[in-house]
Structure formats: C-alpha cells, structure tokens
Amino acid sequence: MSAVKTTKAVMSQSLKHANIVARRSHDRGHANHGWLNTYHTFSFASYFDPNFQSFGSLRVLNEDRVAPNNGFPFHTHRDAEIFSYILSGELTHRDSMMGNGGTGASKDQFYRIRRGDVQFTTGGTGISHSEENEHTDETVHFLQIWALPWKSGLKPRYHDLSIGEDKKRQGFVTIISPLKAGKQASPAQEQAAIPAIPNTIPIHADMLMGASIIAPNSSATWTIGGHGAVTSKQDRKIYVHLPMTKGGKCKIRMPDGTILAEGDGAFVTAVNAGDGLEIQSVGVADAEVVILDSN
C-alpha cells in the first residue's frame with residue numbers, strides 16, 4: 001500500500017523517463033443496447049481497432065452499466081483471467097462450478113457482489129458463467145477486465161475479495177498479484193492458490209491490479225511491480241483508468257502533467273519495477289483510480 005499525501009497543483013517531478021499516452025473516453029469503443037451501456041478500451045465485440053488489441057497481459061477493459069433485471073446470461077470462457085470490479089450497485093455471478101442458486105441460497109451457489117467487491121474467474125479449460133443485475137431498480141456500474149494467462153489449459157477457479165473504502169483512501173491497495181508458484185506451479189500449488197502478495201487474488205499472469213480513492217488536492221503513489229512481486233522487472237506496461245463515477249467532477253494529473261477526466265485512461269511505458277507512479281487528484285470530487293500493471 002502507498003501513502004496518500006497532500007500535494008500542490010504542480011507537475012510531478014517523478015518518472016521523467018516515462019512515456020505517457022492518454023486514451024480519451026470519447027475515443028473508446030461505445031455501445032448502448034438499452035439494457036447495457038458499455039465502453040471498450042480495447043477491441044471487443046463489434047468494436048475493432050487494430051491499434052487497441054491488448055497491452056501486455058491486459059486484453060479487455062470494459063466500463064459497463066447494466067440496467068435492473070438484466071445482464072449477461074450463461075456463456076462460456078476459456079483461457080482467460082476475468083475479473084469484475086464493482087463501482088456501484090450489485091451484480092450476481094453464477095457459474096458452472098456452482099449451479100443455479102437463487103436469492104437466499106448459500107454463497108457456494110452464487111456470488112452477489114457489491115461496491116468494493118472484486119470477483120475473479122480463471123476460465124482455463126472452460127467455464128460457463130452469468131453476470132446479472134437482479135436488483136429491481138438500481139443500475140450496476142462495474143469494470144470488466146480480462147487478462148491473458150501465461151499458459152492455456154488451466155483448471156477453472158474462482159475467487160472473490162472485498163476492499164474497504166477506508167483502506168483505499170490510505171493509498172493504493174493491491175487487489176490482484178501473480179500466483180506465487182509461477183508458471184510451473186504443481187497441482188498442489190495451484191490448489192493452494194497462494195498469491196505473490198498476501199491477501200490478494202492470485203492471477204496466472206505477470207500482472208498486478210490496484211485501486212485508490214484520492215481526495216482533491218492529494219496524491220497517491222503506485223509502486224510499479226509491487227515491491228518484487230513480478231517476474232518481469234524491466235519495461236513494465238501500466239494502464240491507469242479513471243472510471244466515470246462523479247458526473248465529471250473528478251480529474252487526475254499524471255507525472256508528465258497530462259490531465260485525465262472521467263472515463264479517460266493512460267498507457268505508461270518505459271518504466272521499471274520499483275519506480276513510483278504518483279497520481280494527483282485535481283478535480284473537485286474524490287477520484288477512484290484503477291491501475292493495471294503488466295509485463
């Protein structure tokens with residue numbers, strides 16, 4: 001975790017060597033199906049841009065709003081690490097490993113995830129799941145993220161994690177880190193599912209995910225590579241995303257002075273493990289910032 005500090009509205013002097021390229025919200029793929037209002041950072045579904053296929057292990061970053069009593073019915077995934085980060089509302093996840101649990105059923109039959117929750121699935125050899133907004137009158141707003149695993153044919157698996165608001169206000173919290181045993185993990189090590197960073201979700205990729213809520217006129221610093229948690233130390237690929245949560249009231253400043261508004265992101269390259277990436281909140285509302293740190 002990194003500390004939050006109060007900052008003056010000046011350009012950060014850190015990471016002068018970094019290359020930072022903004023990905024503006026209005027340039028993302030977008031589709032509004034009525035029940036689903038979705039924005040795609042990378043090529044997805046009917047949106048295709050050869051310049052935005054993936055970034056390191058990061059393959060999909062969709063910002064979705066799903067209307068009440070709607071959602072994604074059962075569908076199958078293979079050889080992908082898939083996770084949902086809930087911004088508001090609630091999302092009910094069921095998969096072929098759990099069966100069809102209804103309201104009031106045990107957690108072994110479904111996950112109903114809310115703000116602060118992350119649900120994670122290893123698709124592996126194949127898993128069918130659904131993601132439904134079963135609330136009667138509240139839209140669910142969440143990030144759907146896919147990563148490319150370091151090998152195919154993994155055993156399907158799911159995890160979940162809850163992160164308190166107060167913890168994210170203290171600095172960047174690491175949510176996902178690589179499986180500690182790495183690519184050559186034994187079946188027993190896969191079953192143990194020990195992450196490189198304790199109290200995080202293990203992923204089959206050289207990737208980290210973190211999040212912070214940064215008050216206006218404050219900053220938080222992400223330590224690239226997570227203090228030795230990753231295998232690839234040089235030329236890390238960092239994607240910074242500012243979700244659309246405050247009606248345009250939050251903004252952040254990157255180390256080179258680039259300002260990101262809600263829905264914007266930034267590709268950060270030419271950085272190495274151990275570098276500190278300082279994010280300044282320069283809007284009038286708290287900025288919830290999500291970072292994806294990949295090989």
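Predicted model: local features only at pLDDT ≥ 70, side-chain atom pairs only at ≥ 80, totals over all residues.
Trainee: How many bridges pair β7 with β10?

Mentor: Look at one pair of neighbours at a time. Strand β7 (residues 81–88) and strand β10 (residues 117–122) are joined in the antiparallel sense over 5 bridges. For a landmark, find Phe-83, whose bridge partner in β10 is Phe-120.

Trainee: And what is the strand order in the open sheet with mixed pairing?

Mentor: That sheet also has 7 strands, and they follow the order β2-β21-β18-β23-β16-β14-β15. Because β2 (19–23) and β15 (201–203) each have a single partner strand, one side of each is left without a neighbour in the sheet. Ignoring direction, neighbouring strands of this sheet are turned by 20 degrees against each other on average. Within it, β18 (residues 236–241) and β21 (residues 265–271) pair in the antiparallel sense over 5 bridges, and Val-240 stands opposite Ala-266 in β21.

Trainee: Now a single residue. Is Thr-121 buried or exposed?

Mentor: To decide, compare the relative accessibility with the cut-off: buried means under 20%. Thr-121 has 1% relative accessibility, so Thr-121 counts as buried. You will find Thr-121 in strand β10.

Trainee: Which side chain makes a polar contact with the side chain of Thr-121?

Mentor: That is the side chain of Gln-119, at 3.3 Å.

Trainee: Can we try a whole strand? How many residues of β22 are buried?

Mentor: Count residue by residue: 5 of the 6 residues in β22 (residues 276–281) are buried, so the strand is mostly covered. Next, look for its partners. Strand β17 (residues 218–223) runs antiparallel to β22 and is joined to it by 5 bridges, with Ala-220 bridging to Ile-279. Strand β19 (residues 251–253) also pairs with β22 in the antiparallel sense, over 2 bridges. There, the bridge partner of Arg-253 is Gln-280 in β22.

Technical notes:
Residues numbered from 1 in each chain as written. Heavy atoms only, no water. Pairing = 2+ DSSP bridges. Helix = DSSP H or I, 4+ residues; strand = E, 2+ residues; numbered from the N terminus. Axes fitted to C-alpha atoms, helices over the stretch in contact; angles between N-to-C directions. Buried < 20%, exposed > 50% of the residue type's maximum accessible area, 1.4 Å probe, protein only. Polar contact = N/O pair within 3.5 Å; in protein donor to acceptor, adjacent residues only side chain to side chain.
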